[in-house]
Amino acid sequence: MPRKKKTTKYKLKTHKATAKRFRMTATGKIVRTKGGKSHLRRRSAKRVKRQWDKTMEVGEKATQRRIRRLAPYLGKYKANPPA
């Protein structure tokens, strides 16, 4: 008697660089951190340095669509790093 073939959906591969840079909030917004924090910070004002710590929402719809396509399981797991 022949065995039945399993029919399963394909798993999508996550683009790891995207998964590390972005995260999804509980309401479904995609947020990112600001760049330019690694070096040459001494010449910047304290106010500017504080602003670098905040996260920004990704604004453009096209960019959000691209991020969701690259990281399809972004909102599924809570262990995603806060980039």
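1. Which side chain makes a polar contact with the side chain of Thr 18? That of His 15, at 2.7 Å. A polar contact is a pair of N or O atoms within 3.5 Å; within protein, one must be able to donate a hydrogen and the other to accept it, and residues adjacent in sequence count only if both atoms are side-chain atoms.

2. This is a predicted model: local features need pLDDT of at least 70, side-chain atom pairs count only at pLDDT 80 or more, and totals for chains, interfaces and linings use all residues. Residues are numbered from 1 along each chain as its sequence is written, and side-chain values use heavy atoms, with hydrogens and water left out.

3. Thr 18 sits in helix α1, residues 16–21. Helices (H or I, at least four residues) and strands (E, at least two) are DSSP runs, numbered from the N terminus. Thr 18 is buried, at 6% relative accessible area. Buried means under 20%, exposed over 50%, partly exposed in between (1.4 Å probe, protein chains only). Leaving aside residues up to four places away in sequence, Thr 18 touches Ile 67, Leu 70 and Ala 71 (contact: heavy atoms within 4.5 Å).

4. Three strands form an open sheet, ordered β1-β2-β3, with antiparallel pairing. Two strands pair if DSSP finds at least two bridges between them. β1 (22–24) and β3 (55–57) are the edges; each has a single partner strand, so one side of each lacks a neighbour in the sheet. β2 (residues 30–33) pairs with β3 over three bridges. Val 31 has Glu 57 of β3 as its bridge partner.

5. Asp 53 lies in the loop between α2 (46–52) and β3. Asp 53 is exposed, at 56% relative accessible area. Lys 34 is 19 residues from Asp 53 in sequence, and 7.3 Å away in space, C-alpha to C-alpha.
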